[in-house]
Amino acid sequence: MPVVQTESLTKIYGDDSHRVYALNNVSLTIEQGEFVAIMGPSGSGKSTLLYLLGGLEGPTNGKICLNGDDLSTLDDDDLSRKRRTEIGFVFQFFNLIPVLTAEENVAIPLILDGVPRSRALQRADEALIQVGLLDRKTHRPAELSGGEQQRVALARALVTNPALILGDEPTGNLDSRSSDEVVQLLRQVVDNGGRTLVLVTHDPRIAAYADRIIFLKDGQIVDENRLKGQASAENIRERLVKIAV
Amino acid sequence: MKTSTWAQMARMAWQYLMRRKLRTTLTTLAIVFGVALIFAMELVLPGVEKALEQSLEAESEGVDLNIASATGDAFDPQPALDTLHNTQGVAAITEVLRRRIILPKTQQLGDITQIELIGVDVATLDQVRTYELRDGRFLENSGEAVVAPDVGKTGDTITVVTAVGLKTFAVVGVLTQGGLTPRVLIHLDEAQTALAQPGLVNLLEIDFEPGVNKDHLTDQIKTALGDDRYLYNASVSDEFAIMDIAYLIFGLFGVIALFLGAFLIFNTFRTVVIERRHDLGMLRAVGATRRQIMQLILIESLLQGVMGTLIGLILGYLMAAGMLEAMKGILDQYMGQFFDIGLLVTPGAFAVPVGLGLLCTLVAGYWPALRAGKTTPLESLRPASGATVQRAANWGLVVGFAVMALALLMLIASTKTTIPGAILFLVGAVIASPGMVMPAARLFNPLLTLWFAREGDLARGNMVRQPGRAAITASTLMIGLATFILIAAIVKGFEQLMSDLVDRSFSSDILVMPTVIGTYSSIVGADEAQVEELRQLPDVEEVAELRHAASTHNGQRLEIYGIDPQVYPDVSPMLFTKGESAQAYGQLNEGRKAILNPVAAVMLGASVGDTVKLITMQGQQPYEVVGIANDLLNLKLATVFISQESLKTDFNKTESIMMMINIESGADTQTVAGQVEDVLREYPQFTIEITSEYRSTLETMVSNNLKIYYGLGLLILIPAALGLLNTLTINVLERTREIGIVRAVGGSRVQVRRMVVAEALLLCTFGAAVGVLVGVVVSYGFISSFSLMGWEVDYVFPVMGIIAAIVIALLLALFSSILPARNAARLDIIRALQYE
Ligand SMILES: Nc1ncnc2c1ncn2[C@@H]1O[C@H](COP(=O)(O)OP(=O)(O)OP(=O)(O)O)[C@@H](O)[C@H]1O
Ligand SMILES: [Mg+2]
């Protein structure tokens, strides 16, 4: 059973006078244990696709199945539960709650799920170890660098051991060495934990770690490349340039 | 293992509160203020009420039934006594004549300013009740008195002001219980002489045979004596009509305070939710349910409610103590010390403020919480779209204007609907204000550009971006200013009315006035002989006297004045609103005719030509209304003017409580005043005033007293100021990152500061503009509905009030933006950029 399956997914923003097709007729299937990178020019609908997959927003048309559940049949509580137990999210902006410490931020999904606080914090610590930030656990977001904040957000996405991890440029603020580390960590989570990962990125070097790359342009899938981790960054960059023109 | 998450939510709520101290403090202040105001009211008002009740309560221990005249005045007891003596089951009856007497300044006994003079019939008293003595013996011989402990001790002599001059009594005994007003017991016949009411009493105290059914017998007596002349088991109500007005004013104030308090709380949590959009969206994105988000906001509001309520209770207590002092001052001035008011701390006093503090925070937090629950996860990921906000605002504009239009119709339609109309107008303005933000911003933009050049644009952008919040802040200010203008208009209207009346009422040359105005029942007047003596003075042309009695109508007090229609108009012409003055005065002496003041006209539902039934000592008597007119002294009390002849026959009253003297032309006012003083030296309850001097003192006094209400009006502006401070501070906090960007791209500190100040000015100008409009409409509504209550107050356009309101608004804007502007300017650029 595929983890993610979409059928002619369409998302239109704006009103009748001014329509924006953020996604246009996107059908795609992602199997368990797959690492999928989504690429495309700015404004091509990458974030929108991720939000729809995460059930943060409903599509204008089309259908999304997550672990076999049709999202349109779920009510808000079920969606919330799915988000905190089955999905881990790293967003492009504003990831953390400013008044909470790094550790508390990581523990939020567990706490929301009713895991006792001490246990939740313990698991948050384990996740922080994974991203190498345990020594910063009592810091608040404002006291962390942009890259550190993103790693804390990543730890939060991993803390529930979700089946599906959705990342919207989680390495956008990292230097090349740190982003390599992060993406290697993610690759590991996919390979050893049987997780599924969908990653939006502009960076061909990151995309090169993926099993498959989906290229979006103007809300449509324009190309798909099953690399199984074999493609080189150069390769991908060439393709991107081709799409952009 | 899973647990319920509400404790975790509570923890998170607490973290929000604790890590944002400035904001928490500002928000809590709003609650503190609301709770404090209401708690203060709750402490003071019941205290006043209790004092009233106690003083009304004839401590009639052992008395099975007491009977007073329906008018509250003295009556001839004989007919009632005859009936009662023939009634089976009545064991004994004793007659009482009592009167509260305010002691003139020169005659005060220590710090006692008033006493209750009680004439008792020693022969029958002990068959009905006993007065316990702590010292000495009870009355035996004439010229003796038994007094309350604080009045004196056995062996003293006390001097009391009476209708026939000063009288001295020897104290032979001291009561155990002094009564709320210190009592002085004397022989009935001496009391009757002293109060110039020979043969009359105002209370019959009755003892029943043991074993009879009290209710049954009381009913039987009621049937026998009739209902229209007597009150049964009623405390002799006196003097307190004026308290109704105080209640009205305080009640109105309390309601406004409550409304503003709740509004402020609501405003705050609404802002909290808007401001925390990102955080809430993020929580939703990582899996928080709607319920959990609602819990978070509700718990947070509850926590603040608890903190705010606790502090508010403490502050409220202090405010109450202060208010009490102020009130005592006012009451003393107007009516003498009637009672001891104390703060009454009962469990009940906590109910409303605690209820408001907690329940109201919860309720006020509920709507925002509901909204918070509906926050979509995406709100944290994408900046809010302005379109929906503006659409809602536009709807508000349509609905608000519709409501305002309806309100205006109600205002014009009839005097009965003016107050609801005025309030509805205010509500309409509140609804419409979000929609007015955009046009207003555009309207005021040129001004802003003039003052602030580029920063003005940024400020306008900020305001327009959050029309809801801008509108709520402006609305708080608007309500505050509207209330202020309302008060100003009322004060102005009354000032005008007063000065008209003062000019007319005092056209005599010399005034002989009781020391206390407005509550004549406790004044012992001068008898006819004294007045005659004044008339005989060589330089006195005429003496107009005012005589007083009291009556009731449906349980409400009615003041009855006896005037001499030949003389009275010369010295104190009334302001006729209906009927023609010469004709009305002319008719007054022709039997039972009456001139009503507007309050009485409303109470009795009568107009010129109607006949009203007045409860007199002779039962109900028909009086024909010959005119409706205002008179300064009785502005707020229901008053009926009749001839002195009628007052004598129907109310048994002949003493004068006020005399207005015109002197012969050419005579020296000062000299005549001295002669008058000589004649009345035995009557220290009167002060002799040269009218022209008195008039100006009175005018200053009136306007000084009215100024107190300006103080109240300013108090109402405190929540408005808090709301403004709150919004501006939160604006700055929320825009920290933007301010960082402005600074990073080269904005100077001064520019950032100007941006914040400009926004404050914009908000305040907007609030002031709407506030002035609403204030004028609302005050017009209130003033015109006063005529419904019988006060013909002209609407005086409160120019000064409006100017003051605008100045206050601008000052508030500057004042409340100082702190946020400084904070904004001092922001560390790097920190600001990192701020989430
Ligand atoms: N709330 C919205 N209202 C109107 N248009 C929107 C809204 N959200 C997104 N869009 C539009 O939808 C399109 C897709 O946006 P999306 O955020 O998915 O792009 P993206 O591929 O993530 O771009 P980037 O790489 O810059 O993050 C864009 O053209 C954007 O302008
Ligand atoms: Mg994006």
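## Around helix α18 of chain B

In chain B, the cover over the buried residues of helix α18 includes the strands β12 (540-553), β13 (556-563), β16 (611-616), β17 (619-630) and β18 (639-643). Helices (H or I, at least four residues) and strands (E, at least two) are DSSP runs, numbered from the N terminus. Contact here means heavy atoms within 4.5 Å, while buried means under 20% relative accessible area, exposed over 50% and partly exposed in between (1.4 Å probe, protein chains only).

Helix α18(B) itself covers residues 644-651, and Gln644(B), Ser646(B), Leu647(B), Asp650(B) and Phe651(B) are its buried residues. Viewed down the axis of α18(B), these buried residues fall within an arc of 155°, so they line one face of the helix. The arc is that of the directions from the helix axis to the C-beta atoms. After α18(B) comes Asn652(B), with a positive phi near 60°.

## How to read this model

This is a predicted model, in which local features need pLDDT of at least 70 and side-chain atom pairs count only at pLDDT 80 or more, while totals for chains, interfaces and linings use all residues. Residues are numbered from 1 along each chain as its sequence is written, chains are lettered from A and ligands numbered from 1 in the order in which they are written, and side-chain values use heavy atoms, with hydrogens and water left out.

## Chain B as a whole

Chain B contains 24 helices and 20 strands. It has 836 residues, of which 57% count as buried. Take the contacts in chain B between residues at least 6 apart in sequence: 83% of them join residues at least 24 apart.

Ala422(B) has 0% relative accessibility and counts as buried. Setting aside neighbours within four places in sequence, Ala422(B) is in contact with Leu411(B), Val778(B), Gly781(B) and Phe782(B). From Ala422(B) to Met404(B) is 18 residues in sequence and 9.1 Å in space, C-alpha to C-alpha.

## Helix α6 of chain B

Helix α6(B) runs over residues 214-225, and its end C-alpha atoms are 16 Å apart, which agrees with the 16 Å that twelve residues should span at 1.5 Å a residue. That expected span is 1.5 Å times one less than the number of residues. Leu217(B), Thr218(B), Ile221(B) and Leu225(B) are buried in α6(B). They cover an arc of only 100° around the axis, which puts them on the same side of α6(B). On the face turned away from that buried side, you will find the exposed residues Asp215(B), His216(B) and Thr223(B).

Both ends of the helix have something to show. At the start of α6(B), a side-chain oxygen of Asn213(B) comes within 3.1 Å of the backbone nitrogen of Asp215(B). Just after α6(B), Gly226(B) adopts a positive phi of about 90°.

## A sheet in chain A

Over in chain A, four strands make an open, antiparallel sheet in the order β2-β1-β4-β5. Its edge strands, β2 (20-30) and β5 (69-70) of chain A, each pair on one side only. Two strands pair if DSSP finds at least two bridges between them. Strand β1 (residues 4-13) of chain A is joined to β2(A) by seven bridges, and Ile12(A) stands opposite Tyr21(A) in β2(A).

Technical notes:
A polar contact is a pair of N or O atoms within 3.5 Å; within protein, one must be able to donate a hydrogen and the other to accept it, and residues adjacent in sequence count only if both atoms are side-chain atoms.
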